[in-house]
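Please keep the sequence and the model at hand while reading.

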Amino acid sequence: MEEKKKELIELEWSFFQNVQNEGGRADCQNNPETFYIMRKSQFDSWNAPLIDSYLTDLRNKTATGENPVAEKYARMMEYTAPQQFLALRSILPPLLSDVQHTITEIVQIQLNWMDEYVRLYPRLSSRNRIVHKEHARIGETSFETYLQSELSTYSLRTLTLYLDYVKKLRTENSNLVLITMTHTVQYYGYKNLDSAEAYASHCELK
């Protein structure tokens with residue numbers, strides 16, 4: 001499974017390197033370490049069927065010459081840069097109703113989990129994206145917008161597995177956001193979210 005996660009990250013990094021920005025390369029395109037931590041933390045939180053299905057998605061995109069990361073950023077612009085998005089809307093693949101419905105269900109569950117994360121870890125979460133898109137300023141990407149845009153690049157097969165997975169976690173009173181963020185802070189050297197929150201609070205007091 002670790003080899004599959006490695007391939008996922010390598011494929012996504014390759015797609016990311018080919019994203020064309022209006023103002024030239026973004027700083028994050030020159031930061032593979034941060035990219036690795038963010039994506040590895042996410043994939044460490046997924047189950048095996050979801051990993052396998054998403055890997056199939058990316059392999060298929062590679063074979064057809066599509067760039068799902070570029071598509072993700074283009075879809076974000078509907079909320080971050082609505083005027084510029086008008087020029088891109090017609091070239092983006094349409095989303096079927098089943099896809100849209102599944103994305104909406106996943107996003108709502110994840111937003112509830114993200115709200116819980118913010119309540120439990122206010123200092124740490126202040127360093128993350130703003131949660132809800134209605135609270136974001138023009139040009140600011142919320143967690144909701146980012147997640148919705150990324151999910152829009154997944155196949156219906158992968159989305160269905162994703163929805164099944166988050167529903168299963170919910171019945172177990174687990175929180176995928178907390179699981180993912182735990183992996184993230186551990187990659188940065190913290191024991192858990194509590195220790196990362198304590199450090200963030202200490203830094204604010206200085």
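Thr 102 counts as buried because its relative accessibility is 8%, where buried means under 20% relative accessible area, exposed over 50% and partly exposed in between, computed with a 1.4 Å probe on protein chains only. Thr 102 belongs to helix 6 (residues 97–120); helices (H or I, at least four residues) and strands (E, at least two) are DSSP runs, numbered from the N terminus. Leaving aside residues up to four places away in sequence, Thr 102 touches Leu 156, Leu 159, Thr 160 and Leu 163, a contact being heavy atoms within 4.5 Å.

## Basis of the description

This is a predicted model, in which local features need pLDDT of at least 70 and side-chain atom pairs count only at pLDDT 80 or more, whereas totals for chains, interfaces and linings use all residues. Residues are numbered from 1 along each chain as its sequence is written, and side-chain values use heavy atoms, with hydrogens and water left out.

## Helix 3 against helix 9

Two packed helices are described by the angle between their axes and the distance between the axes. The axes of helix 3 and helix 9 come within 9 Å and cross at roughly 160°; axes here are lines fitted to C-alpha atoms, for helices over the stretch in contact, and angles run from 0 to 180 degrees between N-to-C directions. Helix 3 is therefore roughly antiparallel to helix 9, since angles under 35 degrees count as roughly parallel, over 145 as roughly antiparallel, 65 to 115 as roughly perpendicular and the rest as oblique. The crossing of these two helices is left-handed, meaning that the near helix is turned anticlockwise from the far one by less than a right angle (clockwise would be right-handed).

On the helix 3 side the contact is made by Pro 49, Leu 50, Ser 53, Tyr 54, Thr 56 and Asp 57, and on the helix 9 side by Arg 157, Thr 158, Leu 161, Tyr 162 and Tyr 165. By class, the residues of this contact are six nonpolar, three polar and two charged, with Ala, Val, Leu, Ile, Met, Phe, Trp, Tyr, Cys and Pro taken as nonpolar, Asp, Glu, Lys and Arg as charged, and the others, Gly among them, as polar.

## Salt bridges

The whole structure holds 14 salt bridges, each defined as a side-chain nitrogen of Lys or Arg within 4 Å of a carboxyl oxygen of Asp or Glu. One of them joins the side chains of Asp 57 and Arg 157 at 2.6 Å, N to O. Asp 57 lies in helix 3 (residues 48–64) and Arg 157 in helix 9 (residues 156–171), so this pair ties together parts that are 100 residues apart in sequence. Asp 57 is buried at 5% relative accessibility, while Arg 157 is partly exposed at 40%.

Glu 2 and Lys 40 form another salt bridge, their closest N and O atoms being 3.0 Å apart. This pair links helix 1 (residues 2–17), which holds Glu 2, with helix 2 (residues 32–44), which holds Lys 40, across 38 residues. Glu 2 is partly exposed, with a relative accessible area of 45%, whereas Lys 40 is buried at 6%.

## Helix 1 against helix 4

The axes of helix 1 and helix 4 (residues 68–80) come within 7 Å and cross at roughly 60°, so helix 1 is oblique to helix 4. Here Glu 12, Phe 15 and Phe 16 of helix 1 meet Pro 68, Val 69 and Tyr 73 of helix 4.
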